[in-house]
Amino acid sequence: PFCPKNLGAHPFINREIFGRIKDYQLDGIIGQTFLCCETWSGELYILNKELKEAGVPMLRIEREYASDSSGQLQTRIQAFIETLLGGAL
């Protein structure tokens with residue numbers, strides 16, 4: 001929702017994410033951060049632990065701003081979706 005550098009942002013970010021998981025009955029989420037953004041990397045690390053405790057899988061993607069690895073990204077996302085569906089694809 002907004003940058004976690006804002007003080008006190010973590011509870012708001014969690015409410016938003018967990019609210020959407022409930023509202024949309026999500027089976028898992030994909031979290032993305034850029035390699036140069038330590039703030040979001042830390043936020044996703046904490047969020048990943050909290051999602052695990054709640055039983056919600058998360059695919060964490062760290063990438064550079066300019067990247068030509070779309071094929072690798074597509075493979076990782078497809079594998080994540082297959083795990084959510086129990087290999088049904």
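**A walk through the predicted model**

Helix 3 covers residues 70-84, which makes 15 residues. At 1.5 Å a residue, helix 3 should span 21 Å. After helix 3 comes glycine 86. The phi of glycine 86 is positive, near 70°.

The largest nonpolar core has 10 residues. Ala9, Ile13, Ile17, Ile21 and Ile29 belong to this core, along with Leu44, Leu47, Leu51, Val56 and Met58. Two elements each give two or more residues to the core: helix 1 (9-23) and helix 2 (38-54). Helix 1 gives the most, with four residues. In soluble globular proteins, nonpolar side chains tend to be buried together. An α-helix has 3.6 residues a turn, so residues three or four places apart point the same way.

Is leucine 47 buried or exposed? Its relative accessibility is 2%, so leucine 47 counts as buried; the cut-off for buried is under 20%. Which residues does leucine 47 touch, leaving aside its neighbours within four places in sequence? They are Asn14, Ile17, Phe18 and Ile29. Ile17 and Ile29 are also members of the largest nonpolar core. Methionine 58, another core member, lies 11 residues from leucine 47 along the chain. The C-alpha atoms of leucine 47 and methionine 58 are separated by 9.0 Å.

Charged side chains come next. How many salt bridges does a search of the whole structure find? It finds two.

Glutamate 16 is partly exposed, with a relative accessible area of 25%. Arginine 20 is partly exposed too, with a relative accessible area of 48%.

The other salt bridge joins glutamate 62 and arginine 60. Here the closest N and O atoms are 3.0 Å apart. Glutamate 62 has 41% relative accessibility, so this residue counts as partly exposed. Arginine 60, at 23% relative accessibility, also counts as partly exposed.

Terms used
Residues numbered from 1 in each chain as written. Predicted model: local features only at pLDDT ≥ 70, side-chain atom pairs only at ≥ 80, totals over all residues. Heavy atoms only, no water. Expected span 1.5 Å × (residues − 1). Core = buried A, V, L, I, M, F, W, Y, C linked by side-chain atoms within 4.5 Å. Buried < 20%, exposed > 50% of the residue type's maximum accessible area, 1.4 Å probe, protein only. Salt bridge = Lys/Arg side-chain N within 4 Å of Asp/Glu carboxyl O. Contact = heavy atoms within 4.5 Å.
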